[in-house]
Amino acid sequence: MKRDQMCDLSPFLKETESKKRKQFEEYFRDAPQWLMEACRVEKIKKDTLLVKEGEPADTIYYVINGVVEAADYRVYGVPFNYMRFDKLYAFGGMEFMTDEELYRTNLWTVTDCVVMKLPRAVFQRWMYSDIQAMKYEAKQICEYLLTEGRNNRLFLFMQGADRLALYLVDYYKKYHQDGFLEIPVGRQSLADETGLCLRSINRSVKKFYEEGLITKKGQKITISREQYEELRKIVEKKIDLS
């Protein structure tokens, strides 16, 4: 589908930042018009449960603007936020590819989001009719699983401050702007996303602050390029980041 046609069907793309727009255009480059006409766009507020584990996986979600994260509550009801997404993914696509009828995770909006919804039946028709679309979706899923598996293996063998350092290094690489990063989440979120207890997070944050590895701006943490390089050195003593 040509770019002008895509924008006619999806006016919100005109207001989407260039990186995400390019991902969208690549993903739906050869999508048929009937597929795009079946899509619906919604604005979703921050801290909204977008997908609930165990409910029927009858809808595919694409987050066009904003950030979402997956959370697992199976261990004593304690949330473990194991993946944050800022790229374009077909949420619900993995359930389709594995013949799962129910969603296998909880998906929350971290920021206000613009979300495009597609019925699973329409998504299925597209996948079965276009081998390149099926291949692209499989590639997206494999990249996600490789990243998640790698992070889980790294976290398994790292404790306390080292684990937080790895998280901060990874977060900086993904979200810094012009060499500077401000982490918008609080310490409880850091605990949820690293699997550490709040006490360990507080102790590690205090240690990094006293060593000049992070800067505190109110309740938020900021990291400069120089601080990132020092945190990276700590992590590289434990693992190979190449």
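Visitor: What does the protein chain average in pLDDT?

Guide: pLDDT is the predictor's confidence in each residue, from 0 to 100. Here the protein chain averages 83, and 85% of the residues score at least 70. This is a predicted model, so local features need pLDDT of at least 70, side-chain atom pairs count only at pLDDT 80 or more, and totals for chains, interfaces and linings use all residues. Residues are numbered from 1 along each chain as its sequence is written, and side-chain values use heavy atoms, with hydrogens and water left out.

Visitor: Which elements have the lowest and the highest mean pLDDT?

Guide: Elements are DSSP runs, numbered from the N terminus: helices (H or I, at least four residues) and strands (E, at least two). Helix α1 (residues 3–9) has the lowest mean, 53. Helix α5 (residues 120–129) has the highest, 95.

Visitor: Where does pLDDT stay under 50?

Guide: Where pLDDT is low, the predicted coordinates should not be read in detail. In this model that caution concerns residues 74–81, where pLDDT stays under 50. The model has 18 contacts (heavy atoms within 4.5 Å) beyond four places in sequence for this stretch.

Visitor: Now the sheets. What is the order of the strands in the sheet with β7?

Guide: Two strands pair if DSSP finds at least two bridges between them. This open sheet has three strands in the order β1-β7-β3, with antiparallel pairing. β1 (40–44) and β3 (59–65) stand at the edges, each with a single partner strand, so one side of each lacks a neighbour in the sheet. Neighbouring strands are turned by 30° against each other on average, direction ignored.

Visitor: How many bridges join β3 and β7?

Guide: Six, in the antiparallel sense; β7 covers residues 113–119.

Visitor: Which strands does helix α2 touch?

Guide: For directions, axes are lines fitted to C-alpha atoms, for helices over the stretch in contact, and angles run from 0 to 180 degrees between N-to-C directions. Helix α2 (residues 18–27) packs on the sheet and touches β3 and β7. Its direction makes about 145° with that of β3. α5 also packs on the sheet, touching β3 and β7. The direction of α5 makes about 70° with that of β7.

Visitor: What is the order of the strands in the sheet with β8?

Guide: The order is β8-β10-β9, in an open sheet with antiparallel pairing. β8 (180–183) and β9 (215–217) are the edge strands, each pairing on one side only. Four bridges link β8 to β10 (residues 220–224). L181 stands opposite I223 in β10. Three bridges join β9 to β10, and T215 has T222 as its bridge partner. Helix α7 (residues 160–175) lies across β8 and β10, at about 115° to β8.

Visitor: Which residue takes a positive phi in the hairpin of β9 and β10?

Guide: G218, with phi near 70°. The hairpin has two residues between the strands.

Visitor: At what angle do the axes of α8 and α9 cross?

Guide: Angles under 35 degrees count as roughly parallel, over 145 as roughly antiparallel, 65 to 115 as roughly perpendicular and the rest as oblique. The axes of α8 (residues 187–194) and α9 (residues 198–210) cross at roughly 110° and come within 9 Å. The two helices are therefore roughly perpendicular to each other.

Visitor: Which residues meet there?

Guide: R187, Q188, L190, A191 and T194 in α8 meet L198, I201, N202 and V205 in α9.
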